[in-house]
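Take a look at the structure below. Keep one topic in mind as you read: how two parts of a chain meet.

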Amino acid sequence: MTALETPPRESVAGGGFAAVAKGRLQQLLAFASLIAIFAFFSVASPFFFTYGNFTAILFSTVVIGTLAIGTTFVIITGGIDLAVGTGMALCAVMSGVFIVNMDLPLVVGLVATVLFGGMMGLINGINIALLKIPPFIATLAMMLVAEGLALVVSDSAPIYFSEEPSYTKISTGNLIPGVEFPNAVLVLIVVAVIAGVLLTKTVLGRYTYSIGSNEEATALSGIDVRKWKIAIYAFAGLFTGLAGIMISARLGSAQPATGMGYELQAIAAVVIGGTSLSGGKGSILGTLIGALIISTLNNGLQIMSIPQEWQNVILGCVILVAVYTDILRKKEA
Amino acid sequence: MKIRKAGAIMAGAALALSLTACGEDGGNAGGGGGGGNGEQPYIAIVSKGFQHQFWQAVKNGAEEEAEKQGARVTFVGPPTESDVEEQINMLTNDLAKSPAAIGFAALDSQSAEPLLQQAKSQNIPVIAFDSGVDSDVPVTTVSTDNKAAAAEAAKHMSELVGGKGKVALVVHDQTSKSGTDRRDGFMEWMEQNAPDIEVLEPQYGGGDQLESANITKSIISANPDLKGIYAANEGSAIGVIKGVEESGKTGLKLVGFDSGKAQVDAIRDGSMAGAVTQDPVNMGRELVIAAMKAIDGEELPKSIDTGFKWYDKSNIDDAEIKAVLYE
C-alpha cells in the first residue's frame, strides 16, 4: 500500500524527512477521524457494527471514490473539475448505447465507455491548457454540455441492462467465492492502487505535483506544461468513465438525469483527505479516507435515525474542519 | 509543529462535539434514536423526495398516524427525483436497521429489485407508496388513483363549459405513469360522458412553466373557439395560467391539478376555475396504517387509494381542503 501514501517529493519545502512526516501526519489525522467516527457510531447504534453494514458503507463509497480519485489528480495540479458528476451520467448513458443499443461485446463496450470519459477529460484539458479558459469555467461548461447530452442521447429515458446480467455483476457480483463482498469494492481498490502508483512512481504523477506547486518554474525547467496538463485532465476523465460504468452496473440501468452534485461530493472527499485546493499536495489514500468519511457519516447518521436535515449540517461541519486544518498546515509551511 | 497539533486536536474535538450534539438532538426528534428493539414497531420510510412540500405533507401524515398507533417512523428521501443511487443507499441503510416494515416509493423499480428481494428474505414487509413499484415484493401500493382524479377534473370541466365545445390538455409528460394516467383518465371520461365535447390532441410541456405557457399560447391561436384547458400537474397549470394571461384571451375555463401558491392564487382570483389535488397527508396516514396491518400479518388489498379532492373558489378555505393544499 506504500504507493498510496503521500510521496516524499515536496518541491517547495525541499523534501527530506520533515516533509514526509508532515504528509503522514495529515493523513493520520484524516484516518484518526475516520476511526473516531466509526467508534462513535459503533457505540451509538447496535446496527452499525456488522459485516453487512461495513460492506454497505464500502459499496456506497465506490462511485464517489472513483470520481474523487480522478479529481485528486486535477486538484493537485491546482485545477478543479466540475464536470465529473454529469459527465459520469453521460458515460453511463454511453455505456448503455455501446452495450445495449449497439450490442457490442461487453469488454469492448466497457473500454469504449472509459475512453469516452477520457475524451471528455481531453476536451477539458485542451480548453484549459491551450485556450486558457479557467478550469472552473471550462469544466462548468462541460458539466452543462454533459448534462444535456446525457438526456439527448438517451432520449431522457433510462437505458436498462436487463439483457446483460454480466454487466450488473461488475458491481453487484461476488468474485471472492463464499464471501459477501461486492465486486464494485474490489474495482475501487484495484483502481486506487493503480492511481496511487501512477501518482507517486511515474513521470505523470511527478509533473502533476510539479505543475500544482509552481507552474511557471515547471515550465522554465523545460517541461511542456500544456501537453502534460492536457494529459492529466484526459487521464482524470478515465475515472469519470469508470464511475459511469460502476453506477449503471449497480443500478442495472443508465439514469441520464442523475449525477448533478456528485462533483461536489468528490471534491469534498478530496479536500477532507488532505489534498490542498491550491495544488501541489495530496494523495490517493487521503482521498479514499475522505470518501469513506463521507459515506460512513451518511450511513451512520441514517442508522442512528438522525433527521435528514441534520445530516447535511454535520457533513458541512466536517468539511469546514478538514479545510481549516489544511489552512493551519499551510500557515505553518 | 505545535500549531499543527493544536489544529488536529481542535478538529477532532469539533467533530466529536458536532456529532454528539446533533446525535442527541436527532435522537430526541427521531423518538428514541437508533434502537429498534423497543416495544414500538419501527417503520422505515424511503421516499422519492424530502424537502418538497408534497413529501413533507406525506411525512407529516405518516408521523401523525404513527403517534396515534404507537409506532415509530423515520422518513428519508434523496434531494432530487433523479438521485437513484442515493435512494438505493438510503434503502440499504434502513434495511440494516431491521425495521418491522418498510414504506418505499421507488424512483426506479428495477434498480431497487435486489434490495426488495433482500427485504423479502429478511421477512420485512414492503409497502409501496406514491407510485407503483414494479415488483411482486410489496404487499400493497398506497397511492392516488390518478385516473379517477383526472376523471373528476373532466367532469368539472364538462360542467364548466356546458357540455360542449373544444377542450385542450397540457400534460407534463407521456412517459411517466402519473402523466399517462392523468391524461387518459380525463380523455376517457370525456369520451364516455360528454359526446359534444371535442378533446384536442394532448400537448406535453415537461411540467415546465415556460414551455407549458408557450404551448398554451399556440393552442389558443390555433383554436379561436377553444372553451377550456386542463393542466395535468402544478408546473403545467402555472404555465397554462401564464399563457392564457399573455394571450389576452378571456372566458376560457381552466382546470388544474395539484396545488402550489401560484395555482391557489389563480383559483382565488378566478383566473382558474378549480383543480383536483392529491391528498399527501392521507397518503402518509394510509401508508402507516397499511404497514401496521402488514406487521400484524393481516391481508391487504393490492392497492389502496388515498383519495383526491376537487377544490375551487367556494371551498378553498374549508379546513379539510386547506389541509391538503400546499403553497
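**Confidence**

This is a predicted model. The predictor gives the complex an ipTM of 0.76 and a pTM of 0.76. For chain B, the mean pLDDT is 85. In that chain, 88% of the residues reach 70 or more. Strand 9 (residues 226-231) of chain B has the highest mean pLDDT among them, at 97. Helix 1 (residues 2-29) of chain B has the lowest, at 44. The pLDDT is below 50 over residues 1-37 of chain B. Beyond near neighbours in sequence, this stretch still has 53 contacts in the model. Where pLDDT is low, the predicted coordinates should not be read in detail.

**Two domains**

Chain B is divided into domain 1 and domain 2. Domain 1 takes in residues 2-11, 146-278 and 311-322. Domain 2 takes in residues 26-145 and 280-306. How do the two compare across their boundary? The table gives the values.

| Between domain 1 and domain 2 of chain B | Value |
|---|---|
| Distance between C-alpha centres | 29 Å |
| Residues in contact | 5 residues of domain 1 with 5 residues of domain 2 |
| Buried area | about 460 Å² |
| Salt bridges | 0 salt bridges |
| Polar contacts (both at pLDDT 80 or more) | 5 residue pairs |

Carbon and sulfur atoms give 48% of the area buried between domain 1 and domain 2 of chain B. Which residues of domain 1 of chain B lose the most area to domain 2 of chain B? They are Asn146(B), Ala148(B) and Gln278(B). Together they make up 86% of what that side buries.

Now for the elements. On the side of domain 1 of chain B that touches domain 2, the largest share comes from helix 5 (residues 146-160) of chain B. That share is 4 residues. By class, this side of domain 1 of chain B has 2 nonpolar, 2 polar and 1 charged residues.

**A salt bridge**

The structure holds 17 salt bridges over all chains. One of them joins Arg285(B) and Glu64(B). Their closest N and O atoms are 3.4 Å apart. This pair links distant parts of the chain, 221 residues apart. Arg285(B) lies in helix 10 (residues 280-295) of chain B. Glu64(B) lies in helix 2 (residues 53-69) of chain B.

Definitions and conventions: Residues numbered from 1 in each chain as written. Chains lettered and ligands numbered in written order. Predicted model: local features only at pLDDT ≥ 70, side-chain atom pairs only at ≥ 80, totals over all residues. Heavy atoms only, no water. Domains from an automatic or database assignment. Contact = heavy atoms within 4.5 Å. Buried area = accessible area lost by both parts, 1.4 Å probe. Salt bridge = Lys/Arg side-chain N within 4 Å of Asp/Glu carboxyl O. Polar contact = N/O pair within 3.5 Å; in protein donor to acceptor, adjacent residues only side chain to side chain. Helix = DSSP H or I, 4+ residues; strand = E, 2+ residues; numbered from the N terminus. Nonpolar A, V, L, I, M, F, W, Y, C, P; charged D, E, K, R; others polar. pLDDT = per-residue confidence, 0-100.
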